[in-house]
Amino acid sequence: MQQIDIKQIDLNLLTILKVLLEENSVTKASQKLNLSQSATSHALKRLRKMFNDPLLERSSAGMRATPRALALKLSLESILFDIEKLVTEPIFIPELARGTIRIAASDYATTVILPSVLRELSLKNPYIDIECYDWHPETLDRIKNGELDLGLGIVDLDKTNEFGYENLFTEDFVSIVRVEHPIIKKGITLESYIAWPHALITITGLPINSIKKSSKSHVDRILEELGVERRVRLKLPHFLSAALIVGQTDMILTLPRRIALIFASIAKITIFDPPIDLGQYNYMQIWSKNSDHVPFQMWLRDLIRIQTQDI
């Protein structure tokens, strides 16, 4: 049997052979391939030489495939299909995607962002699962190496090419107290603000903006610049529990506006603007640069962006 040098195989010839064997006619194959009849005939000549077989022979009924050609026909369709899959970029269909999305997110993100995201996800795809993880010192490394798909939070990303990020929205601060707290009746001043005990939300036991590498909370840094300080009576790692406790005590809790508005509907609290300028910050989604063009993760980031436009 003649040995065929695979390096000499022209894949275009295999495509032409497939059509020739489907049509059993050089003329019809030429029309289907949009080639001239002479070009198709020349290709058939090269194929005959490659396989050392006539492949198509004349008969009283026209051209007919040789036994060797019939054997080739069984394999050609599968081979060409596999080659097409190999060189064609896969099509991502959100409705059919399966897998688990792993996100680093505080309970702020799980409370403010995820409900609308999961509502939309459940409508579009019933097969995808979500796993959420707290922020820790090693979280960015886990995002970078692909253990986590995405981070939702406030992060100081020094100039680096390792992460992509997108600002989802701008957030500011408000304070909450129980309904009919004395500070509401007597007036909100800097003096009254620091006179009452406060609650502080922490992440893994550190101030909430510890992911910004600060040893003090944002509020305490601003108060320090003003030359005053407050008493933090309670430190908690979760927003919801703190809001419920504040609703039954005289403590003040200063927190992001969006989550305060949510808690106002479930806890007996009143919202007010703190008597100090706490500024604003951008809430972001962060991902590894390696996933910039991964269809599944691009779709996820688009979904989150769209669902956070109106919150």
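Tutor: Before we start, a residue is called buried when its relative accessible area is under 20% and exposed when that area is over 50%. Please keep in mind that the model is predicted.

Student: What share of the 311 residues of the chain counts as buried?

Tutor: The chain has a secondary structure of 13 helices and twelve strands. Among its contacts with a separation of 6 or more, 73% join residues 24 or more positions apart. Of the 311 residues, the share that counts as buried is 43%.

Student: Which residues of helix α2 are buried, and why do they lie on the same side of α2?

Tutor: Helix α2 spans residues 26-33. An α-helix has 3.6 residues a turn, so residues three or four places apart point the same way. The buried residues of α2 are V26, A29 and S30. They lie on the same side of α2 because the arc they cover around the axis is only 105°.

Student: Which exposed residues does the face turned away from the buried side of α2 carry?

Tutor: On the buried side, the cover over the buried residues of α2 includes α1 (11-23) and α3 (37-51). The face turned away from that side carries the exposed residues Q31 and K32.

Student: At the start of α2, which backbone nitrogen does a side-chain oxygen of S25 reach?

Tutor: Just after α2, N34 takes a positive phi of about 60°, whereas the contact you ask about is at the start of α2. There, a side-chain oxygen of S25 comes to within 3.3 Å of a backbone nitrogen, that of T27.

Notes. Residues are numbered from 1 along each chain as its sequence is written. This is a predicted model: local features need pLDDT of at least 70, side-chain atom pairs count only at pLDDT 80 or more; totals for chains, interfaces and linings use all residues. Side-chain values use heavy atoms; hydrogens and water are left out. Helices (H or I, at least four residues) and strands (E, at least two) are DSSP runs, numbered from the N terminus. Buried means under 20% relative accessible area, exposed over 50%, partly exposed in between (1.4 Å probe, protein chains only). Contact means heavy atoms within 4.5 Å. The arc is that of the directions from the helix axis to the C-beta atoms. A polar contact is a pair of N or O atoms within 3.5 Å; within protein, one must be able to donate a hydrogen and the other to accept it, and residues adjacent in sequence count only if both atoms are side-chain atoms.
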